[in-house]
Amino acid sequence: MMIAPLSKHPGEGDVIVRFDRIRKSFGDKTILDGVSFDVRKGEVFFVIGGSGVGKSVTIKHLVGLLRPDAGDVWFDGVEVSRLTEEEFFPVRKRVAMVFQYATLFDSMNCLENIALPLEKHRGLSRGAALVEAQRLLERVHLGRYGERFPGELGDGMKKRVAIARALTLNPEVILFDEPTTSLDPVSARRVDTLIRELSDTLGVTAIVVSHDLTSIFGIADRIVMLYRGGVRAVGDRAHFRETKDEVVRQFVGGFADGPMEFG
Amino acid sequence: MGFLMALSSRLPYRVWGDLRGFVASLGGGVLLQAATVGQMGVLLSRIAARSTPARLDRRELVRHMEFMAIESLPIVGVTALFTGAIVIIQAAPVVQRFGAEGLLGWGAGFGVLREIGPLLTALMISGRVGANNTADLGTMVVTEQVDGLRALAIDPIAYLIVPRFFALIATLALMTIFSDVLALVGAALAGEVLVGLTMHGFYNGFTSGLIEFKDVAHGLIKSVAFGFIVALSSCHFGLATTGGAPGVGRSVKASVVASATGIFALDYFLSFVVP
């Protein structure tokens, strides 16, 4: 298991996640071709880019749902991309993931969905796990919906339940895969607020895959833009607002015409 | 090699192309089946590695057993009752011609316990529970619920597969006993109505000493083996689902076909091997 020194930048915090020259292909289609960037402890970090550029693919490498063809993925100073499935379990307890479609278990109600990892990993009894699940549900402002099944909830509510479930193991990093996609604007801003709160109050590092410009310019500390298999730009919101790069300007401006290539 | 070259030079180009295509598709099919068998072997080894008492999720096991058994009771019961009656309907003309009504209890018992009970129950469970299991797992795969479990550091094989695997085997064995009893009841009722054989006469024939414990054991061993096939097949095809909702449909079809084929093939061999 390789150990990397944490790079420290004065006033910028420690690096907790590093993607280092990641390459990933599916069949003969190369999605990522040398993607490298760092994420610092406690920040809200957005991964942006056009559809199919490999944003979700990139973050799934951090929890071992995908393995790179080449390159390294570092978490808290440890290279994790070559861990076995079982060796990944400790990493997954520290890095939670909220999927694009929430992935709540249909056969369980909201409380049971949240209680499951509490029973499995924190050794809580069924009753104690349900009490803790209720507390977490209230944290995401859904305390009244514990007995509801996922099929009875709207998309925004499902995502907030999924966030509550992600919080069960007190993770240091939470990966959000398009958390505001398909949500109405009010629900989307509620999710944004929740992500920002988690970072500000609990010090959780949030890595958010998104192309929701309101979210990006509303809550991001830093942003990376992926384009044509690589990193096009990294920086804070101001950097992205003021950039002279025409591709980045087209994307963050939401312009139909410009130099961006798709597909 | 020389033969093939000589053949290719004599055959018209189109026929040679068709022949090559046929051989290629045959070879592809064989490789695909071999890959499926290999993947099932890998899944089985993973299940075995997680089947220790300490790792078995008993609550999930009981939950699945309740669900599978209760869901299957009506269809297995109705099928068994009619099957027992059909045995008597088919046998009645011959039995009456030879005046051998006393053998009906033995004949129905022998056929039901050794063959018809386990086989029909397995096919019913395969179509009802196995298909449902594949659809359930397949849906969980395509909606990323299985990845969701992995992301929560919960082993999907230990949590999802192992309890279903053992629940399905146990359910099929229990349902076979239930089916055997109801098939015999159906046979006894049909015997009384169609042949005029009393319940007591049917019972005497059944317990005349021609049916032994090994006949009951034969059927139960088969039911466990069939349960193993249905459980492995339904779990494998569920986990191997790709391609969204149409993929779930394809997986269910493949699972039911593989289960039925496996059940009949295994039945043939076990009928030789098990006394």
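In this predicted model, pLDDT (the predictor's confidence in each residue, from 0 to 100) stays under 50 over residues 3-12 of chain A. For that stretch the model has twelve contacts beyond four places in sequence; two residues are in contact if their C-beta atoms, placed from the backbone, lie within 7 Å. Chain A as a whole has a mean pLDDT of 88, and 94% of its residues reach 70 or more. Because the model is predicted, local features need pLDDT of at least 70, side-chain atom pairs count only at pLDDT 80 or more, and totals for chains, interfaces and linings use all residues. Residues are numbered from 1 along each chain as its sequence is written, while chains are lettered from A and ligands numbered from 1 in the order in which they are written.

Chain A contains nine helices and eleven strands. Helices (H or I, at least four residues) and strands (E, at least two) are DSSP runs, numbered from the N terminus. The C-alpha trace of chain A spans about 55 × 45 × 45 Å along its principal axes. Its radius of gyration is 18 Å, which agrees with the value near 18 Å for a compact globule of 263 residues. This radius is taken over C-alpha atoms, and the globule rule is 2.2 Å times the number of residues to the power 0.38.

Chain B has nine helices and zero strands. Along the sequence its pattern reads α-α-α-α-α-α-α-α-α. The C-alpha trace spans about 70 × 60 × 30 Å along the principal axes of chain B. The radius of gyration of chain B is 24 Å, whereas a compact globule of 275 residues would have one near 19 Å. Mean pLDDT in chain B is 89, and 99% of its residues reach 70 or more. Within chain B, confidence is lowest in helix H1 (residues 2-10), at a mean of 71. It is highest in helix H8 (residues 213-239), at 94.

Two helix pairs of chain B share helix H4 (residues 104-142). Axes are lines fitted to C-alpha atoms, for helices over the stretch in contact, and angles run from 0 to 180 degrees between N-to-C directions. The axes of H4(B) and helix H7 (residues 199-206) of chain B come within 6 Å and cross at roughly 60°. H4(B) is therefore oblique to H7(B). Angles under 35 degrees count as roughly parallel, over 145 as roughly antiparallel, 65 to 115 as roughly perpendicular and the rest as oblique. The crossing is right-handed; a crossing is left-handed if the near helix is turned anticlockwise from the far one by less than a right angle, and right-handed if clockwise. H4(B) contributes B:Leu104, B:Gly105, B:Trp106 and B:Gly109 to the contact. H7(B) contributes B:Phe202, B:Tyr203, B:Asn204, B:Gly205 and B:Phe206. These residues divide into five nonpolar, four polar and no charged. Ala, Val, Leu, Ile, Met, Phe, Trp, Tyr, Cys and Pro count as nonpolar, Asp, Glu, Lys and Arg as charged, and the others, Gly among them, as polar.

The axes of H4(B) and helix H6 (residues 156-195) of chain B come within 7 Å and cross at roughly 140°. H4(B) is thus oblique to H6(B). This crossing is right-handed. The contact of H4(B) with H6(B) involves 19 nonpolar, eight polar and two charged residues.

Between the chains, 13 residues of chain A are in contact with ten residues of chain B. On the chain A side, helix H2 (89-94) and helix H3 (110-121) are the elements that give two or more residues. That side comprises eight nonpolar, two polar and three charged residues. The model scores ipTM 0.85 and pTM 0.83.
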